Amino acid sequence: MTDISSVARLSEPLKFAYWVPNVSGGLVVSTIEQRTGWDFEYNKKLARIAENSGFEYALTQTRYAASYGADKQHEATSFSLALLAATERLKVISAVHPGMWHPGVLAKYIITADHISNGRAAVNIVSGWLKDEFTNFGLEWLEHDERYVRTEEFIKVLRGLWTEQEYSQSGKYYNITDFTLNPAPVDVPGRAHPEIFFGGNSTAAQATAGRVADWYFSNGKDLEGFKENIAGVVASAGEVGRAAGRGSGAGLPSRSSSHLPALPSPRFGLNGFVIARDSEKEARDTLREIVEKAHKPAVEGFRAAVQEAGASTTDGKGMWADSSFEDLVQYNDGFKTQLIGTPEQIAERIVEYKKIGVNLFLTGYLHFQEEVAVFGQDVLPIVRELEADLARKNGIELDLSQTPVANVEVAA
Ligand SMILES: Cc1cc2nc3c(=O)[nH]c(=O)nc-3n(C[C@H](O)[C@H](O)[C@H](O)COP(=O)(O)O)c2cc1C
């Protein structure tokens, strides 16, 4: 049994997101049959299934060049905007590379997306690992930790332009002078501005997320591994006055506020590849088949490319630094989270992660449309029961008032 961490929020229901398959080849680098499309029509239907299955968020991937076989890719911000326009409740998080965008242009783009979607736009700021994407575009490729220096400035500009008027910021990478973006983002209760997610695993990533991100997103991890990441982010957040468990994310100061007000503490999102089957054996057999049919040259090529990530840091920690061949078959280490088994087993595991402080699961599947619906129908109701039990045992009520409910008949 896992101890309950001081950062766990037992009254808040877990949130669920799915990876938008906007790059070809699905989420596993394997020749196993995958009924997952990467085109817009497939994704439009998937998004509607997801929002009717109790999912609150979708996350797009930003990729400009093939790697690990994903040889066709749709651009993330335009794809996200189209998905927002095609849905009613789903929040779509667009992945963005600071080195590819000016933060002022992105801030403006996301405000427009926010208005089109009535306050459902969000961003995932990713600092990048695929060197060729930058160098072959003629863009500067910064050393690992320096990328996070730029990312931190980038996020400050975004938040500044979204919350203040006549905003100025001068730094190493960006200089903004007396800028006011009109209109401001949509005024959504409980949200100060479009949410800022942040993806990364290394020590520098954790430190940066702790200082400036609303959400820290991690690749798949086992319980002990993710506890370490949470501790790293919490320590950094504490240094800038974002104490663990402090604030709810609601009631953040808005535009008229003074320069960079203290932020509520970051929340935590974890990637996991879900294989829910009627029996544990069936689920394990599926995992075995995925790995046996791995596309070996693509996985090996990917292993070489990701040396620019965690392995390139001074402490050698970070994304993919300790990933085995099997782990890399799901290129965001999703097997490590072990959401594999019957719906009951998966729900139990999910709630163990809630105890250590996970607030959101970012999920991937072999056959997205079918399995997202199954997740909503079979796994989510058990998660909610277990969460309610856990809260009650600790003298707290689970507050489901803001949580999307599954509308399974529509989803199916
Ligand atoms: C949830 C999540 C989503 C990510 N999405 C992307 C993406 O769409 N495109 C990309 O180039 N990198 C993406 N990344 C990778 C980050 O850009 C970063 O390069 C990676 O975390 C390695 O950095 P690190 O060693 O500092 O952890 C993502 C990372 C996470 C955790």
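**Reading helix packing**

Mentor: Let's start here: helix 1 and helix 12 are roughly parallel to each other. Angles under 35 degrees count as roughly parallel, over 145 as roughly antiparallel, 65 to 115 as roughly perpendicular and the rest as oblique. Helices (H or I, at least four residues) and strands (E, at least two) are DSSP runs, numbered from the N terminus.

Trainee: What should I know about the model itself?

Mentor: The model is predicted, so local features need pLDDT of at least 70 and side-chain atom pairs count only at pLDDT 80 or more, while totals for chains, interfaces and linings use all residues. Residues are numbered from 1 along each chain as its sequence is written.

Trainee: At what angle do helix 1 and helix 12 pack?

Mentor: Axes are lines fitted to C-alpha atoms, for helices over the stretch in contact, and angles run from 0 to 180 degrees between N-to-C directions. For helix 1 and helix 12 (residues 368-393) the angle is about 5°, and their axes are 9 Å apart.

Trainee: Which residues meet there, helix 1 to helix 12?

Mentor: Contact needs C-beta atoms, placed from the backbone, within 7 Å. K45, L46, I49 and A50 in helix 1 meet F368, Q369, V372 and A373 in helix 12. That contact has six nonpolar residues, one polar and one charged. For the classes, Ala, Val, Leu, Ile, Met, Phe, Trp, Tyr, Cys and Pro are nonpolar, Asp, Glu, Lys and Arg charged, and the others, Gly among them, polar.

Trainee: How do helix 3 and helix 5 pack?

Mentor: Helix 3 (residues 103-116) packs on helix 5 (residues 144-163) at about 45°, with the axes 9 Å apart. That makes helix 3 oblique to helix 5. From helix 3, P103, G104, L106 and A107 meet F154, V157, L158, L161 and W162 in helix 5. By class, that's eight nonpolar residues, one polar and no charged.

Trainee: Where is I32, and which residues does it touch?

Mentor: I32 sits in the loop between strand 1 (15-19) and helix 1 (40-51). It is partly exposed, with 16 other C-beta atoms within 10 Å. Leaving out residues up to four places away in sequence, I32 touches E289, I290 and K293.

Methods:
Contact = placed C-beta atoms within 7 Å. Buried ≥ 20, exposed ≤ 12 C-beta atoms within 10 Å, placed from the backbone.
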